[in-house]
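Welcome! Here is a short briefing to read alongside the structure.

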Amino acid sequence: MQSIYDFTLEELKEKLKPSFRAKQVYNWLYKKYASSFEEMKNLPKDLIEELKQNYTIDVMQIIKKEKSIDGSIKYLFRLYDGVTVEAVLLLMKKKKIAEDGTIERSEKYTVCISSQVGCKVGCSFCLTAKGGFVRNLTVGEYIAQIVNIKRDNEIPENKSLNIVYMGMGEPLDNYNNFVKAVKIFSELDGLAISRRRQTVSTSGISTKIEKLGKEDLGIQLAISLHAVDDELRSELIPMNKAYNIKTIIDAVRKFPIDTRKKVMFEYLVIKDKNDDIKSADNLVKLLNGINAKVNLIYFNPYPGTTYQRPESKDMVKFQEYLLSKGLLCTIRESKGLDISAACGQLKEKEANGST
């Protein structure tokens, strides 16, 4: 049975008559987070029966979640066929309340969602790769991750958040479903998450980066770079043998970016692998001429990995070198270190029966 989340508003208007009913259904799904068609009280009974017979809302269930002391929540979802995927709610800024009790600043959230069950890319540093590839997520399964998390945390419908496609899987390897999900998320009558608030992170399928650029969706681009030479990058990301650094950089140079934004280059820093100043200097040269921002990420160790977390002093030296050369650079604050934060870690824990 097809998920009701699979449809854009225009598609739903074609399926439901009269067409204004589609907007009502969208309101229940994305403003009130309805979990059943019976909750849609302003719909006629015959339409509710039609919806029940043809579509499902219940495409995934939360089977486990872990909350960090920093406010981050890691979710494990079970899908209709029994497989599991992860998503993370990141509390970027806490609510600030004035002395008189008024709210000076509301919470700011980012949700990291998955694109696939497993992954084909096979990054050596990623726990998700250990389980291999199972299948792509459907459009509805993209959407349901956000809806379930907003419902579970009672996040108001008018409360905006950011989406990063940085969870399990490679988004551009699930290209058509990913692009449609971007469009549904941004529907003003739905979740109304601006495309400027959506960032796709790719391991570097250069042909798909070019294709996405031609779509001109208005989303933000992040490249999981992690190395400045093909030898090391091929060790970390075997797919680099097919899409090497040069092809990726060439594709990025053609990608349309909002003039107010920059292309994000994610650089996972691994002790004694890519944390030296020579690597920093080569990174500056590689990104010359690109409106770029580098996000340095601490490697987050998991059981069985041979890679190590870098020293803080080396991260700072790396950052300071990039900044001294005029390249915008931040160090990503590590979140969820007290929980199963690494991608695939909660899934692995569940599979092994750990608590």
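## Strands side by side

T110 stands opposite N162 in β11. This is a predicted model, in which local features need pLDDT of at least 70 and side-chain atom pairs count only at pLDDT 80 or more, while totals for chains, interfaces and linings use all residues. Residues are numbered from 1 along each chain as its sequence is written, and side-chain values use heavy atoms, with hydrogens and water left out.

**Parallel pairs**

- Strand β8 (residues 108–112) and strand β11 (residues 162–165) run parallel and are joined by 3 bridges; two strands pair if DSSP finds at least two bridges between them.
- Strands, here and below, are DSSP runs (E, at least two residues), and helices are DSSP runs too (H or I, at least four residues), numbered from the N terminus.
- β11 also runs parallel to strand β12 (residues 198–202), with 3 bridges, and V164 stands opposite T199 in β12.

- Of the 7 residues in strand β4 (residues 73–79), 6 are buried; buried means under 20% relative accessible area, exposed means over 50%, and partly exposed lies in between (1.4 Å probe, protein chains only).
- Strand β3 (residues 60–67) pairs with β4 in the antiparallel sense over 7 bridges, and Q61 has R78 in β4 as its bridge partner.
- The hairpin of β3 and β4 has 5 residues between the strands, and G71 takes a positive phi near 95 degrees there.
- β4 is also joined to strand β5 (residues 84–93) by 6 bridges, and the two run antiparallel; L76 has E86 in β5 as its bridge partner.
- This second hairpin, of β4 and β5, has 4 residues between the strands, with G82 in the turn at a positive phi of about 90 degrees.

**Backbone details to look for**

- The peptide bond from K17 to P18 is cis, with omega near -10 degrees, and P18 sits in the loop between α1 (9–15) and α2 (20–30).
- D216 is not a glycine, yet has a positive phi of about 50 degrees; D216 lies in the loop between α6 (206–215) and β13 (220–224) and is exposed, at a relative accessible area of 54%.
- D272 is likewise not a glycine and has a positive phi of about 65 degrees; D272 belongs to the loop between β14 and α9 (277–286) and is exposed at 63% relative accessibility.

**Salt bridges**

- The count comes to 18 salt bridges, each being a side-chain nitrogen of Lys or Arg within 4 Å of a carboxyl oxygen of Asp or Glu.
- One of them joins K180 and E11, whose closest N and O atoms are 2.8 Å apart. K180 lies in helix α5 (residues 175–185) and E11 in helix α1, so this pair ties together parts that are 169 residues apart in sequence.
- K180 is partly exposed at 22% relative accessibility, and E11 is partly exposed at 27%.
- D250 and K246 also form a salt bridge, with the closest N and O atoms 2.8 Å apart; both lie in helix α8, 4 residues apart, about one turn of the helix.
- E311 and K271 meet through their side chains in a salt bridge (3.5 Å, N to O). E311 lies in the loop between β15 (292–298) and α10 (312–324) and K271 in the loop between β14 and α9, so the pair ties together parts that are 40 residues apart in sequence.
- E38, E49 and K52 are linked in a network of salt bridges.
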